[in-house]
Amino acid sequence: MATRWGICSAGQISHDFSVALRTLNPEDHKIVAVAARDLQHAQEFAKKHNIPRAYGGYAELAQDPDIDVVYIGTIQLYHLSAGKLFIQSGKSVLIEKPLAMNSREVQELLTAAQDNEIFLMEAIWTRFFPVILEVKRLLGQGEVGDVQMVRADLGVPMSHIPRLSERQQGGGAMLSLGIYCLQFVLMVFNGERPESIQAHGHCTDRGVDSTTVLVLKFSGNRLALCTCSFTMVLICDAVITGTKGTIKVPQHIWAPINLEVNGKKMEFPLPEADMPLNFTNSVGLRYEAEEVRQCLLKGLKESPGMPWAHSSLLAEIIDEGRRQLGVTYEQDSTQ
């Protein structure tokens, strides 16, 4: 039986997710309905993607009895409210990253999922790319020895995009871009909590960090260096340095298709999409969708590949980085 999807928000990332789903077996994945705050927008999205139902509000989607899981593609401001709506309606949820605005909101979502015995996953799609699965396999078999340092960079000029540059929309380099670098580090170090966190960077006159460097120290004098920016071009790569060699993701750290292991290059091509996409390599959203299906078939409430503990720690690290740089959101003061 197919996993029946509902799509919450009819924006660009929801378009790409819907296209990516169509590269999977149609007997395994089916989009049943889409909801947007504007009915016409939802109807146009439904027509484009051949989705049977369109709703002009999220509550209607939550009440649809024919949906197994909802993909939440709203901007991060609405992740908490939308996530709780669907969780309390008995729907499994895949919520775009960041899971929420801060650690308190993340814990609220995790508690809601736990209390209602509902599957919840933060959509860190990177974790499920074949490149990253191969990295995990190589680390597991000790290909580069003991890991001593991880470096991850992501910088793309996007200061014209409000969801990155505007404080009122949850902007900031760490929250939208740095999370990719940090999740990579936590994946390498198996979700270990760093012993110390140092954040350096600068903020815009709108109150968000535009470029941030995070230095994390882990047990055994292991280090991680993460750089993120929405004002400058960085290589957008990641390097794992061990006692016996290096593993390198040479580009597109958020959606990688290339890998270098001790100088040996490998490529993991993506399938073709049937429509133009908004974001680089976003047909790779298919991998997280299949992960959700497999988790649901097994009766799991969280993904082993992106467990709740990792989402919680990610939020805590970003909160601490923001604290050191003086970046605050209205949600930080909400009780």
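Here is a chat about a predicted model, going through why its parts get the labels they do.

User: Before we start, what should I know about the numbers?

Analyst: Residues are numbered from 1 along each chain as its sequence is written, and side-chain values use heavy atoms, with hydrogens and water left out. Since the model is predicted, local features need pLDDT of at least 70 and side-chain atom pairs count only at pLDDT 80 or more, while totals for chains, interfaces and linings use all residues.

User: OK, V93. Is V93 buried or exposed, and how do you know?

Analyst: The cut-offs are: buried is under 20% relative accessible area, exposed is over 50%, and partly exposed is in between (1.4 Å probe, protein chains only). V93 has a relative accessible area of 0%, so V93 is buried. You'll find V93 in strand β5, residues 92-96. Strands here are DSSP runs of E with at least two residues, helices are runs of H or I with at least four, and both are numbered from the N terminus.

User: Which residues is V93 in contact with?

Analyst: Contact means heavy atoms within 4.5 Å. Leaving aside neighbours within four places in sequence, V93 is in contact with V69, V70, I72, G83, F86, I87, F119, L120 and M121.

User: And what makes S176 count as buried or exposed?

Analyst: S176 has a relative accessible area of 2%, so S176 goes down as buried. S176 sits in helix α8, residues 173-188. With neighbours within four places in sequence left aside, the contacts of S176 are Q76, K97, R163 and L164.

User: Now the helices. Why are α5 and α10 called roughly antiparallel?

Analyst: Two packed helices are described by the angle between their axes and the distance between the axes. Axes are lines fitted to C-alpha atoms, for helices over the stretch in contact, and angles run from 0 to 180 degrees between N-to-C directions. Under 35 degrees counts as roughly parallel, over 145 as roughly antiparallel, 65 to 115 as roughly perpendicular, and the rest as oblique. Helix α5 (residues 103-116) and helix α10 (residues 308-325) pack at about 165°, with axes 8 Å apart. So α5 and α10 are roughly antiparallel.

User: Which residues meet there, and what classes are they?

Analyst: S103, V106, Q107, L110, A113 and Q114 in α5 meet W308, S311, S312, A315, E316 and D319 in α10. By class, that contact of α5 with α10 has five nonpolar, five polar and two charged residues. Ala, Val, Leu, Ile, Met, Phe, Trp, Tyr, Cys and Pro count as nonpolar, Asp, Glu, Lys and Arg as charged, and the others, Gly among them, as polar.

User: Salt bridges next. What makes R104 and E105 a salt bridge?

Analyst: Side chains of opposite charge can pair when their charged atoms come close. The rule is a side-chain nitrogen of Lys or Arg within 4 Å of a carboxyl oxygen of Asp or Glu. For R104 and E105, the closest N and O atoms are 3.9 Å apart, and the pair counts as a salt bridge. R104, at 31% relative accessibility, is partly exposed, whereas E105 is buried at 4%.

User: Which partners does R322 have?

Analyst: R322 meets D319 in a salt bridge at 3.1 Å, N to O. D319 and R322 are three residues apart in helix α10, so they are separated by about one helical turn. R322 also meets D332 in a salt bridge, at 2.9 Å. D332 lies in the segment after α10, so this pair ties together parts that are ten residues apart in sequence. R322 is buried, at 3%.

User: How many salt bridges are there by this rule?

Analyst: The count comes to 18. R4, R53, D64, D66 and D68 are linked in a network of salt bridges. D66 lies in the loop between α3 (58-63) and β4 (69-72), and its relative accessible area of 29% makes D66 partly exposed.
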